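Please keep the sequence and the three-dimensional view at hand while working through the points below.

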Amino acid sequence: MKGSRFWAWLIFAVGTAYFFIPLIATFEFSLRMRRGEYSFDAYRVVFGDPRFQETFAYSVTVAIFTIILGVALVVPTAYWIRLRMPHLRPIVEFATLLPLIIPAIVIVFGYIRMYGSSSPLPFLATARGTDALLVIGYATLALPYMYRAVDTGLRTIDVRTLTEAAQILGAGWITIIARIILPNVLIAVLSGAFLTFAIVIGEFTMASLLNRPAFGPYLQNIGANRAYEPAALAIIAFAITWGCMSVIQILARFAPKSANRPN
Amino acid sequence: MTQASISDPAVAAHSAPPDANRGFRLPTHWLGVAPFFIFALMFLILPTLYLVVGAFQNNEGQFTLDNITQLFRDASIRDAYRASIKISFWSAILGALAGLAIAIAIVRGGLPGWVRSATMTFSGVASNFAGVPLAFAYLATLGRLGLVTVLLRDVFDINIYAMGFNFLTTWGLVAVYLFFQIPLMVVIITPAIDGLKREWGEAAATLGATQVQYWRMVVIPVLWPSFLGTVILLFANSFGAIATAYAFAGPSLNIVPIKLYAQIRGDVLHNPHLGYALAFGMIFITGLANIFYIWFRTRSERWLK
């Protein structure tokens with residue numbers, strides 16, 4: 001027993017070193033901009049860069065629209081599958097897993113070929129249309145995580161009884177989903193939303209191939225041209241990811257623990 | 001009585017309405033899932049199918065296998081696939097082994113509770129910390145002026161660049177990819193190790209098994225499907241990754257996703273249909289990997305109740 005504890009500590013220590021040395025080194029590097037002393041100059045330059053502000057704001061906007069689209073798509077579907085069409089569950093689950101099988105670069109390649117300016121659905125003909133296509137692309141990337149989160153949330157509430165109660169009181173489908181189901185799975189939806197945000201905010205491939213002024217391509221561009229700013233940006237990106245994951249963990253504490261129904 | 005109910009038109013008519021009713025209600029039933037299926041069709045399935053069909057066509061739109069055979073004949077494409085598979089394979093294997101060791105250490109090693117929760121939180125973050133910023137972090141660490149490079153050179157007198165170290169090799173990228181592969185393994189495999197019931201260990205001990213026998217005959221067989229399944233997931237995870245490698249080297253590195261990126265940007269292969277075939281090859285490999293994953297997954301779920 002004593003021996004196994006020694007090995008456990010050793011593995012933990014090696015793992016900690018492997019993961020923390022790059023982070024410490026990156027942080028140290030980001031402070032080196034001023035010659036001979038440590039300073040936060042690199043961060044000041046980054047935050048003061050109008051391109052940073054524009055691309056970051058653009059990516060945050062895209063992330064918010066992605067979350068709205070994802071929720072609007074996943075919540076009614078997962079609800080309906082649970083309530084009325086459980087036999088379709090395997091098909092829907094398979095569809096939500098497709099983005100893990102088809103790499104993002106292949107999906108966006110398909111978009112570029114299918115929705116070009118001379119196609120019947122010319123998303124790429126206008127900047128707004130391309131923005132919309134980027135939001136759609138991100139929604140597909142987030143689909144596996146969003147669906148899993150919402151479906152887990154639905155498992156903890158009694159969908160059928162809630163629906164019947166609402167119907168007896170005269171509620172229509174839209175009211176039921178928006179005012180009964182959504183508030184009940186809000187914590188699950190928010191977890192999915194923050195994970196979506198973490199995935200979308202620095203995404204490079206789709207934004208770059210669709211030529212949108214997003215944060216990911218900006219990062220890549222800075223990396224190719226500057227020395228100290230990339231390190232500062234890496235720390236900022238890590239902090240954003242950390243923030244999203246912490247929120248998800250805090251939300252999980254409020255989530256109902258056990259299923260009311262064994263289904 | 002039985003005969004009467006079959007022949008009696010009144011009875012037959014009576015039983016008909018529920019059926020007719022169900023048939024009539026079917027469309028509204030489907031309306032609830034229609035948006036999802038239309039979305040999946042338009043933005044996942046059809047775009048992919050477009051590329052797959054294109055991979056089997058020539059410029060005149062006729063069926064051909066030339067593009068696919070070209071994938072094997074073209075030395076540069078063959079090398080790209082070889083490099084991609086090699087990187088994904090080793091980062092998956094090493095990431096899975098290291099992740100498994102960490103997971104076993106935090107679940108079974110008798111470490112204090114905060115170690116486990118801290119490791120799980122950090123793994124959640126690190127498994128999502130990929131892409132361009134990850135490349136920056138490694139350049140700041142092991143780049144020519146990185147902290148570790150400088151420390152090794154000044155303190156230990158080891159110049160890793162003189163020794164031929166380079167990020168843009170298979171092993172350089174494997175080392176970088178491990179930063180998100182190991183945490184992903186920890187996140188996925190820890191529940192499987194939790195599923196190893198304490199009673200099994202006690203039962204084995206009661207029957208006189210040694211610790212080695214317990215591991216060889218109980219733990220490894222139970223964990224094996226989850227382990228293999230996760231290895232495959234990690235493989236697919238790094239096979240499609242492009243941003244980190246692109247941030248290191250731009251379009252010059254010869255791995256499949258970067259080649260495809262360059263092809264989408266500017267038809268560097270001078271044959272659009274060969275580009276489709278390149279994409280088809282990627283889907284084929286990740287798809288194959290995922291079929292195995294699902295298979296292993298269904299086998300492993302038997303034990304994780």
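**Overview of the two chains**

In chain A, buried residues make up 45% of the 263 residues. The structure is a predicted model. In chain B, the buried share is 42% of 305 residues.

**Architecture of chain A**

- The secondary structure of chain A consists of twelve helices and zero strands.
- Written from the N terminus on, the elements of chain A read α-α-α-α-α-α-α-α-α-α-α-α.
- A box of roughly 75 × 70 × 30 Å, taken along the principal axes, is filled by the C-alpha atoms of chain A.
- Of the contacts in chain A with a separation of 6 or more, 75% are between residues 24 or more positions apart.

**Architecture of chain B**

- Chain B has 14 helices and zero strands.
- Along the sequence, the pattern of chain B is α-α-α-α-α-α-α-α-α-α-α-α-α-α.
- Of the contacts in chain B between residues at least 6 apart in sequence, 74% join residues at least 24 apart.

**The contact between the chains**

- Between the two chains, 66 residues of chain A are in contact with 60 residues of chain B.
- On the side of chain A that touches chain B, the most residues come from helix H1 (residues 2-30) of chain A, which gives 16.
- Sorted by class, this side of chain A holds 49 nonpolar, 13 polar and four charged residues.

**The largest nonpolar core**

- The largest nonpolar core has 171 residues, and among these Val150(A) and Ala279(B) touch the most other members.
- Helix H6 (residues 127-155) of chain A gives the most to this core, namely 15 residues.
- Leaving aside residues up to four places away in sequence, Val150(A) touches Val74(A), Val75(A), Ala78(A), Val185(A), Ala188(A), Val189(A) and Gly192(A).

**A pair of crossing helices in chain A**

- Helix H3 (residues 50-83) and helix H7 (residues 159-168) of chain A have axes that come within 10 Å and cross at roughly 100°.
- Angles of 65 to 115 degrees count as roughly perpendicular, and H3(A) and H7(A) are therefore roughly perpendicular to each other.
- Where the two helices meet, Tyr79(A), Arg82(A) and Leu83(A) belong to H3(A), while Val159(A), Arg160(A) and Thr163(A) belong to H7(A).
- By class, this contact of H3(A) with H7(A) comprises three nonpolar, one polar and two charged residues.

**Two residues with positive phi**

- Asn211(A) is a residue other than glycine, yet its phi is positive, near 60°.
- Asn211(A) lies in the loop between helix H10 (205-209) and helix H11 (215-225) of chain A.
- Is Asn211(A) exposed or partly exposed? Asn211(A) is partly exposed, because 13 other C-beta atoms lie within 10 Å, whereas a residue counts as exposed at 12 or fewer.
- His270(B) is likewise not a glycine and has a positive phi of about 55°.
- The loop that holds His270(B) runs between helix H13 (256-266) and helix H14 (272-300) of chain B.
- Because His270(B) has 9 other C-beta atoms within 10 Å, this residue is exposed.

Technical notes:
Residues numbered from 1 in each chain as written. Chains lettered and ligands numbered in written order. Predicted model: local features only at pLDDT ≥ 70, side-chain atom pairs only at ≥ 80, totals over all residues. Contact = placed C-beta atoms within 7 Å. Helix = DSSP H or I, 4+ residues; strand = E, 2+ residues; numbered from the N terminus. Nonpolar A, V, L, I, M, F, W, Y, C, P; charged D, E, K, R; others polar. Buried ≥ 20, exposed ≤ 12 C-beta atoms within 10 Å, placed from the backbone. Axes fitted to C-alpha atoms, helices over the stretch in contact; angles between N-to-C directions. Parallel < 35°, antiparallel > 145°, perpendicular 65-115°, else oblique. Core = buried A, V, L, I, M, F, W, Y, C linked by C-beta atoms within 7 Å.
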